[in-house]
Amino acid sequence: MSNIIEILPELNIAFFQTLLMVGIALLVAVLLGLPLGIILFITDRGLFLENKWVKSVVGILINLIRSIPFIILLVFLLPFTNLLLGTTIGPLAASVSLSVAAIPFYARIVESSAREIDKGVIEAAVAVGASPWMIIKHIILPEAKPGLITGLTITAISLIGYSAMAGTIGGGGIGDLAIRYGYYRYDNTVMFTTVILLIVLVQFVQYSGDFIAKAVNKR
Amino acid sequence: MIELRNLTKEFKSKKDRIVGVDNVSLTIQTGEIFGIVGYSGAGKSTLLRCMNILERPTSGVVRVDGVDLLQLSSKELRKTRQSIGMIFQGFYLVSSKTVYDNVAFALKAAGVENSIIRERVEELLNLVGLRDRINQYPSQLSGGQKQRVSIARALANNPKVLLCDEATSALDPNTTKSILALLKKINKELGLTIVIITHEMEVVKEICHRCAVMQDGRVVEQGSTFDIFSSPSDPLTKRFIETVLSFELPAKLLESIQGKLVRLQFRGDMAAEAVVSDMLQSFSVKGNILHGKVEYIQDVPLGIFIMEVNGDELEVDQALDYLRGRVSKVEVMDNE
Ligand SMILES: Nc1ncnc2c1ncn2[C@@H]1O[C@H](COP(=O)(O)OP(=O)(O)O)[C@@H](O)[C@H]1O
Ligand SMILES: [Mg+2]
């Protein structure tokens, strides 16, 4: 018990480091993964911006990143992180590789939730003479919203898992703490505490995600 | 006016080539309600979708009000589509938007100023009789109500043409009637040209001024609805007409018939009973009316009698000749 209280400040910091790197990666996923997913969708056959070339270039790029195991991506991106931030240590540095992993991950989820939309609904919008941008903003995004939110939840939970790996190479966060105390010092109490903390965090993310997705679903 | 000239649409896949529409030429006049009938797979939807280039024809010309749609840039095409409304069998409303937002979307898409959108949406919902549903979501509406919302959306930008792809096929007969009545009213009040695709001859009978029958991507017959109903020439057209105008006589009755079974067709405003009784008096034959019915095709009555005529063969033939000179059509049917 005493060692928990001892590491409480450190646990606190680690928790917020995890939130920080996952948060940044999620933000990047929304900023870049969402548009890429939409591009994948609208350039598909039979859709209003059908374009074989764009579709395959973006698709191949995304598959390329997705086929690299995260732990290898992490190491592979170290020079890039260094170039970008001047360091490879700390939660900010870890968020770079997390973001790179999150973009294609979320893009595919966005694409598949957009595919769930009845093609007829999009066609009806084309038939009233709406521009591509209007259709994306007023039809695709609102119609796919529950799926987009569920997808963000899945991405967040995967990122929490990835963040533990990122922690091991100096990223900080809860994973880093668990490895340092649990693996290197055999301190089971701290390890259990971190595991419980991760479980609570994941449950919380899942619950809120489901709740929001349900609230925005008008179907 | 919608003009289609030698319109062909092929769907190519790696393996084969499907001809959806095969060299169709058709002229639809301003202000008319034009029906296109045919079985599933005949190419009706593909033809209709070529009228606003949802489907780009492989070859041919599509002109709406003199504008060649295939020559337009994508921006001009979008602008033109605002004057061609379209409704579908599946309604295709945006489920995450209220009735108001569904209709407002069409106005926003056309760049209508925000300040007048509210008023225009209310006006449109009044027209389709759904003003009180303005804040509901599509999932809270019945099929007929959804179709009304989609009609409001299609009419938002004052189109000159309304394309209807099986717009009533998902609705029950009463709702179908009310939607058809609404389309009729819009046609009359707004002078809108309406093109209706359907596999139900009832729909054509009810509201189409003229119609075309399609099979295997081709138009096999076209003409005024009354002409098509009263004298169909293509076998397919005949089959379609039968769905509305046929009678099944009980087998027992058919067995007991000794004379000739005759089908008389006449414009219903003519005194058919008088003609028949004149015939019975002038010739020594016995007659017996088994069935009679008057259908209104576009408000013009079309009457059909089925009767048995008995007697000496020569006399019966003369009696039928007499009828041929007085009613629109006389057919001797087999009594099988
Ligand atoms: N996008 C498409 N790709 C391939 N074939 C199609 C496509 N759309 C329609 N077809 C084919 O074209 C023919 C006509 O279809 P359609 O116009 O939908 O008929 P209808 O509306 O009369 O039922 C059918 O054989 C159909 O399979
Ligand atoms: Mg069809």
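**View 1. The open sheet of chain B.** In this predicted model, six strands of chain B line up in the order S6-S7-S8-S3-S9-S10 as an open sheet with mixed pairing. Strands here are DSSP E runs of at least two residues, helices are H or I runs of at least four, and both are numbered from the N terminus; two strands pair if DSSP finds at least two bridges between them. S6 and S10 (218-224) of chain B sit at the edges with a single partner strand each, so one side of each has no neighbour in the sheet.

**View 2. The S9-S10 end, with helix H9.** S9 (residues 210-215) of chain B and S10(B) pair antiparallel over six bridges. Helix H9 (residues 235-245) of chain B packs on the sheet and touches S9 and S10 of chain B, contact being heavy atoms within 4.5 Å.

**View 3. Where chain B meets chain A.** The contact draws 23 residues from chain B and 21 residues from chain A. Arg78(B), Tyr92(B) and Phe105(B) supply 28% of the area that chain B buries against chain A (accessible area, 1.4 Å probe, lost on being put together, summed over both parts).

**View 4. The salt bridge.** Arg49(B) and Glu123(A) form a salt bridge, with the closest N and O atoms 2.4 Å apart; the rule asks for a side-chain nitrogen of Lys or Arg within 4 Å of a carboxyl oxygen of Asp or Glu.

**Notes.** Residues are numbered from 1 along each chain as its sequence is written, and chains are lettered from A in the order in which they are written. Local features need pLDDT of at least 70, side-chain atom pairs count only at pLDDT 80 or more, totals for chains, interfaces and linings use all residues, and side-chain values use heavy atoms, leaving out hydrogens and water.

Terms used
Buried area = accessible area lost by both parts, 1.4 Å probe. Axes fitted to C-alpha atoms, helices over the stretch in contact; angles between N-to-C directions.
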